Amino acid sequence: MTLRVFVQVWCEIDPTLNVRIQRESGSPIAEPGDRLWRVSPLGSAAVGAALSLPGATVTAFAPGPGHAEALRHAQAAGAASAVELLAEREDAEVSAAALAEWLRPRGCDLLIADRLAGRVAARLGWAHLAGLDNLSVAAGMLRAERFLGRGEREVVTARLPAAVRLQQESIRAPYVARARVQAVAGHPIERHIVASEETPRSAAGPLQAARARTRLGKMPAPASTSASARLQALMGGGNNARIVAKPAAPAAATPEQMAEEFVRYLAHHQLLPSL
Amino acid sequence: MPQREILWNVPPVVLYLVYLLSALSVAWIVWWFVRRARLWRLGGPAPDQVSWRAGLARLAVYLAMHRTIRRDRYAGWMHLFLFWGFVTLLIATTLVGIQHDFHLNFLTGTTYLVFSLGADLGGVALGTGLGMALWRRRSAAAHGRLLPMASTTVILWLLLAITVSGFLVEGARIARDFPPFERWSPIGYATALGVDAVGLGGSTAVPVHLGLWILHAALVIGFFVLIPVTLLKHILLGAYSVACPAGRPGLLHEPAQAVTTGVDLRQFRRLDLLQADACLTCGLCTQVCPAEAAGKPLSPRAVVLGLRAHLDHPETALTRQVANDALWSCTACNACDLACPVNIHIVEKIVTLRRGRVAVGEFPDSAAEALEATAQKFNPFGAANSSRLEWAGGLAVPVARDGEAVDLLYWVGCAGAFDPAGREVTRAMVKILTHLRISYRVLGCAERCTGDPARRLGEEGLWKELAQDNQQTFAAHHVQTILTQCPHCFHAFKNEYPVVGPMPRVLHHSQWLRERLADGTLQVRAQVAEKLTFHDPCYLGRANDEMEAPRAVLDRLSGTARVEMAQHGRQSFCCGGGGGQIWLDVRGRTRVETIRATHVEQTGARTVATGCPFCRVMLEAGRAGLDAGQGNWRVRDIAELVVEALESQ
């Protein structure tokens with residue numbers, strides 16, 4: 001069975017550089033010798049996660065112009081196609097509406113995106129989960145680990161279609177060999193100009209089963225219309241999503257427990273012998 | 001007149017049967033090699049054209065001298081006996097065959113006597129070599145260098161049986177009537193006396209002779225049959241490998257096609273695949289491997305044999321034949337390449353296997369970070385390239401302006417620009433250049449990594465991009481000479497960049513300092529009074545044969561206080577930082593740098609000098625890993641020692 005996965009990729013300003021703003025044009029510039037833009041590791045990690053799903057056909061898309069290198073990297077990593085989506089206006093809500101309209105007829109099973117994921121899920125009435133890692137799909141259900149605070153994780157599932165965002169705390173963006181990038185230099189990148197009128201907020205999809213992101217055991221929030229519940233749903237949770245399990249180890253409370261946890265962490269990563 | 005009837009006492013039917021079986025065994029050898037050649041031909045063509053004349057000359061010199069093998073004295077003498085004994089008997093048998101089959105009669109008189117003596121001496125040499133081999137296999141197997149392969153033991157005993165049966169055949173022939181001139185076959189004559197003593201002389205010797213002759217012929221045919229399926233095939237493949245141009249150690253070849261998928265046979269050169277079959281399994285490569293010495297999961301021999309196993313069973317993935325950890329343990333020091341008696345390029349194979357792993361993203365995260373940093377920031381340290389001149393604080397460093405013609409370009413290198421210890425070397429070099437009032441330029445933030453670490457980590461595409469970028473920079477500045485303190489940059493510029501495009505003259509700083517000392521521009525007095533030793537960087541000594549320049553500089557600084565480590569020059573021991581290892585950390589029993597630090601410790605030197613910023617870092621790390629009370633020495637680059645001498649004057 002083919003799993004249609006759409007993954008957002010993009011280029012971003014390298015946050016580790018000393019970047020200045022050019023006074024005349026207002027555009028960012030890097031110091032001589034530095035490369036200002038980089039392919040977003042989060043997008044690259046998303047492509048890697050999508051490609052690791054069995055039977056996945058991955059389409060990489062980039063909202064807006066200037067992300068060709070990210071699309072090339074996605075193609076080189078193994079994405080079946082690359083699409084540049086050009087919305088009429090550069091506005092998060094408009095982009096989300098345009099993306100939702102573009103995805104609707106394409107039979108998308110899973111969308112992995114950045115902040116757009118929540119907005120798109122809201123518009124399409126899909127499940128939305130954020131802060132995920134170790135994705136897997138079986139029998140129409142997405143299963144993943146969600147990063148909580150202080151290094152804790154929980155296992156969550158969601159019925160497909162779903163829109164998700166990966167965790168950013170420990171991104172493992174796969175390195176794409178330059179020979180592969182060079183090999184896809186001639187591959188086509190589709191361009192779609194997506195016209196979308198701004199959708200009224202009330203038309204946003206019903207955000208049900210919203211729940212607090214980091215606390216286990218609380219009942220799902222009711223189908224509330226309160227702004228905070230909707231915001232929580234956007235941050236992580238949403239339609240058809242639920243927590244399956246949480247690692248049994250309790251959070252360290254005392255300094256001794258924290259020390260033990262730290263030693264366990266070192267042992268797990270085989271760092272103890274070198275100490 | 002001394003002569004004998006060739007193939008006396010052998011009935012025609014037996015002779016024709018032996019001829020038929022011999023022809024079949026030769027056909028079997030040809031069939032095996034043709035079938036195997038189809039696999040070798042999956043590899044890319046060798047970039048170096050083999051000149052048969054030069055190849056044969058190379059082979060002849062090699063076989064006559066046995067230079068590489070004689071590094072292990074016992075193995076050298078053993079193989080020398082085996083080789084010359086075998087060749088002598090092969091020539092003797094061929095002469096016998098020619099005389100018989102072409103009805104010529106040239107083995108007569110003195111020629112026959114010399115022939116008889118030579119054949120006997122050949123048999124003695126072969127027997128001696130075989131005895132040494134069997135004894136060594138029995139004793140050396142205990143400490144694990146030789147693989148306990150039953151097939152090897154079988155062929156050694158088979159060859160011994162052929163040798164002994166040959167003497168018995170000769171003895172039985174002589175024992176029939178004891179012609180006096182046969183004393184020129186001393187072993188055969190002695191054997192004949194023995195045969196006679198046990199009552200098998202005279203006419204009794206005739207059927208005994210026939211029986212032994214048939215046994216001898218059957219053993220020889222068995223030997224032929226075993227050639228393709230045992231290490232005997234090195235007789236042909238090893239000779240071919242030696243005849244091919246060895247190439248400079250450390251010189252990597254571009255793959256025939258861009259590696260975009262996992263590793264397969266097409267990514268190797270044909271020569272690489274053939275060499276996998278030429279391996280003797282002698283273990284000399286593994287014996288000199290620093291990763292193996294440190295207990296890391298790498299055995300160069302196992303890599304070659306893994307490739308051979310894949311040729312034997314192509315249905316088994318190559319990734320299962322060669323463990324990932326083994327690949328990422330290699331320091332690319334090329335000690336194994338230099339040690340191999342049949343000239344197998346092991347590092348080239350390891351890098352080819354790495355290319356396949358990198359193409360599919362199956363490699364350590366730390367290496368991926370170094371590659372990502374090299375691709376994005378043009379240096380594997382991950383620092384902003386714009387900070388390349390941070391080392392120069394307080395020093396007046398002339399940076400080349402756009403398009404400015406540069407006569408002498410001082411190439412700082414990534415370690416020289418970003419590593420704290422490397423920066424000290426760079427500052428020392430700038431002080432020397434300034435002291436000598438030499439006109440030079442640095443590129444500053446226009447400098448990019450040479451791509452050498454990326455290439456050795458298996459990222460060929462990135463290496464090529466960086467090589468093209470750097471060559472464009474050199475062309476834009478019309479650079480005449482490049483001066484660098486990093487042997488890796490030096491090696492890349494001198495030996496690997498010329499494949500991509502024309503390059504200016506390249507000098508390692510030790511060579512440049514030697515030139516300045518020789519022409520009197522640089523004048524220093526012997527200053528270092530304490531004992532001093534020099535660690536040869538692999539890519540300066542082994543890869544570029546430059547052992548003298550740094551020593552000449554040090555001798556001016558230290559007078560007679562320089563001592564050598566046991567492993568130095570081309571046989572130097574790696575510091576553990578090459579081949580991208582400075583960004584990798586495959587665990588072993590100990591660390592390569594710690595082993596090297598113990599070598600320094602054994603000299604009693606107070607200063608260990610080197611000519612590589614990576615070696616400098618690793619030796620410091622090794623010193624820190626020594627036991628308490630050890631490591632009372634310092635690590636310095638030769639440029640730093642020169643500056644110390646200048647400042648003390």
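Helices are taken here as DSSP runs of at least four residues, numbered from the N terminus. In this predicted model, helix H23 of chain B, which spans residues 509-518, is followed by Gly520(B), a residue whose phi is positive, near 85°. Seven of the ten residues of this helix are buried, so H23(B) is largely enclosed by the rest of the structure. The buried positions are His509(B), Ser510(B), Gln511(B), Trp512(B) and Leu513(B), together with Arg516(B) and Leu517(B).

Trp512(B) also belongs to the largest nonpolar core, which comprises 120 residues and in which Trp512(B), Tyr410(B) and Ile432(B) touch the most other members. Helix H27 of chain B (residues 638-648) gives the most to this core, contributing seven residues. When neighbours within four places in sequence are left aside, the contacts of Trp512(B) are with Leu408(B), Met429(B), Ile432(B), Leu433(B), Leu436(B), Ile438(B), Leu483(B) and Leu507(B). In soluble globular proteins, nonpolar side chains tend to be buried together.

A buried position within a loop was examined as well. Gln581(B) is located in the loop that runs between strand S5 (562-563) and helix H25 (592-603) of chain B. The relative accessibility of Gln581(B) is 4%, and this residue therefore counts as buried, the cut-off being under 20%. Not counting residues up to four places away in sequence, Gln581(B) touches Lys296(B), Trp328(B), Ser329(B), Cys330(B), Thr331(B), Arg354(B) and Gly576(B).

Conventions: Residues numbered from 1 in each chain as written. Chains lettered and ligands numbered in written order. Predicted model: local features only at pLDDT ≥ 70, side-chain atom pairs only at ≥ 80, totals over all residues. Heavy atoms only, no water. Buried < 20%, exposed > 50% of the residue type's maximum accessible area, 1.4 Å probe, protein only. Helix = DSSP H or I, 4+ residues; strand = E, 2+ residues; numbered from the N terminus. Core = buried A, V, L, I, M, F, W, Y, C linked by side-chain atoms within 4.5 Å. Contact = heavy atoms within 4.5 Å.
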